[in-house]
Amino acid sequence: MTNTIIVLETAGVLKYNAGTAIDTFENVSRINSGFGNGFEAQVGTKTDTLILNPWFANCPEKRDTILSKPDYQHVKNILLAPTSGIPEVPAGSDEHFHDKQVSIIPKEIVDLARQGTGVVAHYGFYLAALYFWQTQKQVTIYGIDPTLTCHYWEDYAYPPLHGLDAEKTIALEWAHLKTLPGVEFLEDTLRTENNEQ
């Protein structure tokens, strides 16, 4: 059984120096351009799977930014996921990643997400979490926080990157993941290790 962690892009990942713990996972998965970006002590150095939404997979400017990063050379897998603005991965999205193993989130996972939250459109990290949970029976998530909507490598963004509707959706996704056996949150372990309430 593969041991997978999904590291999100929110500023919440900066609270702990979790990089070493993250890099011990067999499959370290990151979202879009969320490589270390100078915060390797907090988020680790390893990226095995890159979870891309259609904006990043199909927009040449965004895609080329990712493909040009040195960290991209070590990525083994690309997981293409729908996102709130694009509910399906467009045909041909996998054409740009010929040197990687490419998978697409299947419709059954999108349907499972809609049943779990009652929301029609979802974020890629949530669909990826459900995908890994269903295929591997376990997944660890790090950095989920609907109130911290700036990327960890950027200064605090105001207005936030995502509005209140997005915060509500992410909160529903988080609540659904909390109910699934085999889904763990690295923050819980880190809080315990640091004797935090």
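**View 1. Gly 118 is an exposed residue in the loop between α5 and α6**. In this predicted model, Gly 118 has a relative accessible area of 66%, where exposed means over 50%, buried under 20% and partly exposed in between, computed with a 1.4 Å probe on protein chains only. The C-alpha atom of Gly 118 is separated by 8.7 Å from that of Leu 172, although the two residues stand 54 places apart along the chain. Residues are numbered from 1 along each chain as its sequence is written, and side-chain values use heavy atoms, with hydrogens and water left out. Because the model is predicted, local features need pLDDT of at least 70 and side-chain atom pairs count only at pLDDT 80 or more, whereas totals for chains, interfaces and linings use all residues.

**View 2. Helices α5 and α6 pack against each other**. Helix α5 (residues 107-117) and helix α6 (residues 124-136) meet at an angle of about 110°, with axes 10 Å apart, the axes being lines fitted to C-alpha atoms over the stretch in contact and the angles running from 0 to 180 degrees between N-to-C directions. The two helices are therefore roughly perpendicular, a term for angles of 65 to 115 degrees. Their contact (heavy atoms within 4.5 Å) includes Ile 109 and Leu 112 of α5 and Leu 130 and Trp 133 of α6. By class, this contact has nine nonpolar, three polar and no charged residues; Ala, Val, Leu, Ile, Met, Phe, Trp, Tyr, Cys and Pro count as nonpolar, Asp, Glu, Lys and Arg as charged, and the others, Gly among them, as polar.

**View 3. Seven strands form an open, parallel sheet**. The order is β5-β4-β3-β2-β1-β6-β7, where strands are DSSP runs of E with at least two residues, helices are runs of H or I with at least four, and both are numbered from the N terminus; two strands pair if DSSP finds at least two bridges between them. β5 (101-104) and β7 (183-185) stand at the edges with a single partner strand each, so one side of each has no neighbour in the sheet. The twist averages 25° from one strand to the next. Between β2 (residues 27-31) and β3 (residues 49-52) there are three bridges, and Ser 29 has Thr 49 of β3 as its bridge partner.

**View 4. Ser 33 is a buried loop residue**. Ser 33, found between β2 and α2 (40-43), has a relative accessible area of 12%. Leaving aside residues up to four places away in sequence, Ser 33 touches Glu 9, Phe 56, Ile 66, Lys 69 and Trp 153.

How values were computed. Parallel < 35°, antiparallel > 145°, perpendicular 65-115°, else oblique.
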